Amino acid sequence: MDLSTKDEAWVKQNYWNQLNHRTLIEQKGETIEELASGMGGKLRDYAVMANAFTFYDGNSVFRQSVIADADPDAVMLGWGDASNGEDAFIRPSSSVGVYTLPADHAYNLSVLSSFKIKELKQKDQTPPSVQDQVHYVSFVMSDGDNIQWMLNDLAEKGKPWFGNPNRGNFDMGWAVSPSMMDLAPTVLERFYSDGTKKDNFVVGPSGGGYMYPSMYPEQELDTHLNRLNTYMGKADLSLVEVIDFNAFNKKVMWDKYTAKPNIDGVIYLEYSNHKALNGALKWSNNKPIVTPREMLWHGIAGSDVNSVAQHINAAPRNPKSAAGYSLVLVHAWSSSMDEVKAVIDQLHGDVQVVTPEKMVKLIQNNVPKEDTEVANKVYEAETDFGHNTGKLDGDGWSANPQEHTAGHMLFGPGASDIPAGRNQVKFKTMIDRVTGDNDRVLNLDIYDDTAGVVVAEKAVHRSEFQSANTYHNSTLEADFVAGHSYQFRAWYDGNAKVKIDRVTVVMNRNLAERIYEAENDFGHNTGAIDGDGWLANTEQHGPGHMLYGPYVADLPSGVHDVTFRMKASGAAGSGDTIAIIDINNASADQIVASKELKLQDFAVQDQYTDISLEDVDFSLGSTYEFRVYFTDKANVKVDHVRLDMPEITKPNTQSLYFKFGGSNVSSLLFGTDAGQKQLQLWGKASEQGKPDVNLTADGTWTVAQGETTVTIGTGGALQVLQSGDAIVKASYNGLEAQIPIHVSANYTSRVFEAERDFGHNTGAATADGWYANPQDHAAGHMLHGPGVADLPSGSLKVDFRIKIDNPAGSSERVLNLDIYDGTGNKVTSEKAVLRSDFNAADTYQSIRMVADFVLGHAYQFRVWYDDNATVQIDNVSVLIPQ
């Protein structure tokens, strides 16, 4: 039969019923060019042995038909079209119950899979005896789901990972795939035998292979986890990594994982930012779901060696709290064992490095297993307390000097149902006047009736109130003991009119805390680093923002508190403003809270004081700065800024609009191969001053026009199908919004010349481009710019036309490409370019990236040079669907 005119669709139509529907292979290598570049053939032997349907068609309708017809919990070996991000093909696969094993460069699987090993055993992972005044840290290498990496570079001597000479000198976690027990059991056995007692293996994301379990069909997930449990038993694995989107609070999903006897715990990695949850901990079936507190990841602020070491050194020494543990995710493609060692070398003596399995056992044995669903406790001042002075005043309890003497305005309520843990207690108070003397007006404490001791106490001075007759939260923290009875007392000094509305106990598990270090996580226009903080003094520094940033956009909608830990000294006048703290919504260019500070706001000079901006409305998706402006009137030092998020709310909305790529859009443009994209639905707040709210998960999504062009799923998951025009509609609570979408297979190009249209920090011009070589040039940005702001909203392709002097030899990185959104202050796409990515010497080839663009944002197409090869860049082209 002549097959020269046949394609994969013909094979599927005629031979699908003769093929294995449990195993699929997605593998480039069909074209002459791909075969010549070495992409083809690497899985062909296994495809024949497994009778597996083999194809590659990008993120197309045909691909969707293949995975839709696969068996439940089928496996896809190879790799899909990740030009729009890997989630572009992992999402649709997950939604039909198919998981992926990255294996497009895996050799000899037909031979390796023929070996059989019943079970493997890791070396002993008995945890150390717990020490009270110690902080425990664990490092785990990323990308353990990658079969081809395990078969090739991971263990090679001289490479940055398992073959690095530092391995074995300190405890380290390595993610591996339990599917290796089928595909290459002798290779996994070699890792176990070469590993030392300091090497610990955990399951890579998200179990048997790469998928997003929150999107997996329920029955298929049950099947997957049953299989995973079996293979974890065979491979002596007890922890499993999971990558997903906004899944940390999906208790039902976690209960499925932790119900399996071989799973002792889960490491959850939020897709967009693996450390986004800042070490948060949950319990499921009395097993911990842990999250990274830190990352070692080149190019991400606060994730460099020095920052990670400083953050860990400043962390609490308390093994009975989740805050006493730091898990560090080491990004395999930008970090190495050398950098792990560099962090460890900077750690203090009371920081102990353990393997991930040892850390989970320490958490299991020492951190209270609390019910995460327990609500905060609210006690009303006028009804829930006893009173020795003051009077009923509307919705609260007040006292004034004319009528009342000093005494307890509040005592009680003898609460004995507060869970164990370090909880916050907030006294909501107001005062009649903030000017004049700065005497103490209240003394607040938390009294443990059972133990007969005060466990926390705070003196409240007049200057702590930002304005008169406005409620203000005074906050105390204490370690509560389960079953003990507690009073929250307010002593009135008889020298001001004071009113108390209520006392709220915010449970530790409900209090998501993030700390941003002044010296590491912010930008600075004045001042200098000073030990553990950032200092601006009147002798050396002029006025300006001593802190700006850190431009965080993943804060949940709600009412949160921001606390600046600061100190001041000098001889400023009593009326002089020495600093201004504020919270700036950079997305809306709006200051949402601010406070002018005077020297008298610091009770004792040159001692740290916590100064808070409380009950501030935040909106998920908006970008925020926490700023400190130095006026040059007194010396000011900032240690850190702390964000507490005790209250999540949704304000009423008056209209709806769409976001894409984190910003507002009114229309979108895609190529036919765009695959799956994410739209967001937002509600404009009805009440002035309240934040807009993300309604993506709550809205109803439909295609109003062009159902053959796109589909839209729950949660705004947009699937591009073919050329045409469409209108997507979203509705919520009686409101509607529409957005037009154009899809095309044809493109027009915007070309930016390397030597003319960019800035350069290294390299030199040639007649037709920009080059750099190790002899004449240092590492740095060969290209940055051009700051183009008129590209349309949607997904666009960007081609970097580059050549290299020699593609042979090691597969080290030679360039790092990224697309930088200067308006949103974020990298929207990044690609490491290896020497082996080039097909021939001194021959231009295009290296393609895909990113989501927003009209009006200023974009740079940057090229970082690693100073280890001669490289020349001709131009950068942006391909725009017509």
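This is a predicted model: local features need pLDDT of at least 70, side-chain atom pairs count only at pLDDT 80 or more; totals for chains, interfaces and linings use all residues.

Visitor: With which residue does Arg-835 form a salt bridge?

Guide: The general idea is that side chains of opposite charge can pair when their charged atoms come close. Here Arg-835 forms a salt bridge with Glu-812, and the closest N and O atoms are 3.2 Å apart. Arg-835 lies in the loop between β55 (826–834) and β56 (845–853), and Glu-812 in the loop between β53 and β54 (813–821), so the pair ties together parts that are 23 residues apart in sequence. Glu-812 is partly exposed, at a relative accessible area of 32%.

Visitor: Is Lys-159 buried or exposed?

Guide: Lys-159 counts as buried, with 17% relative accessibility. Its salt bridge is with Asp-153, where the closest N and O atoms are 3.3 Å apart. Asp-153 counts as partly exposed, at 23%.

Visitor: Now the rings. How many aromatic pairs does the structure hold?

Guide: A pair of aromatic rings is described by the distance of the centres and the angle of the planes. The structure holds 33 aromatic pairs. Trp-16 and Phe-53 form one that is edge-to-face, with 5.6 Å centre to centre and 80° between the planes.

Visitor: What kind of aromatic pair do Tyr-379 and Phe-488 form?

Guide: That pair is tilted, at 5.8 Å centre to centre and 40° between the planes. Tyr-379 lies in strand β15 (residues 377–380) and Phe-488 in strand β24 (residues 486–492), so the pair ties together parts 109 residues apart in sequence. Tyr-379 is buried, with a relative accessible area of 11%, and Phe-488 is buried, with 0%.

Visitor: Which residues do ring pairs link into a cluster?

Guide: The cluster consists of Trp-79, Phe-89, Tyr-210, Tyr-212, Phe-245 and Tyr-271. Arg-91 lies over the face of Phe-245, at 4.1 Å from the ring centre. Elsewhere, the charged end of Arg-167 sits over the ring of Phe-162, 3.8 Å from its centre.

Visitor: How many of the residues in helix α5 are buried?

Guide: An α-helix has 3.6 residues a turn, so residues three or four places apart point the same way. Helix α5 (residues 87–95) is mostly covered, with eight of its nine residues buried. Phe-89 and Arg-91 are among them. The cover over the buried residues of α5 includes α4 (61–68), β4 (98–102), β40 (676–678) and β45. Just after α5, Gly-97 takes a positive phi of about 80°.

Visitor: Which residue in β45 could we look at?

Guide: Gln-719 is found in strand β45 (residues 717–720). Gln-719 counts as buried, at 11% relative accessibility. Beyond its neighbours within four places in sequence, Gln-719 is in contact with residues including Asn-59, Pro-92 and Gln-676.

Visitor: Last, a sheet. In what order do the strands of the open sheet stand?

Guide: Four strands form it in the order β38-β37-β41-β42, with antiparallel pairing. β38 (663–665) and β42 (693–694) stand at the edges with a single partner strand each, so one side of each is left without a neighbour in the sheet. Six bridges join β37 (residues 653–660) to β41 (residues 680–685). Phe-658 stands opposite Leu-681 in β41.

Key:
Residues are numbered from 1 along each chain as its sequence is written. Side-chain values use heavy atoms; hydrogens and water are left out. Two strands pair if DSSP finds at least two bridges between them. Helices (H or I, at least four residues) and strands (E, at least two) are DSSP runs, numbered from the N terminus. Buried means under 20% relative accessible area, exposed over 50%, partly exposed in between (1.4 Å probe, protein chains only). Contact means heavy atoms within 4.5 Å. Rings of Phe, Tyr and Trp (its six-membered ring) pair if their centres lie within 6.5 Å; planes under 30 degrees apart count as stacked, over 60 as edge-to-face and the rest as tilted. A charge sits over a ring if NZ of Lys or CZ of Arg is within 6 Å of the ring centre and within 35 degrees of the ring normal. A salt bridge is a side-chain nitrogen of Lys or Arg within 4 Å of a carboxyl oxygen of Asp or Glu.
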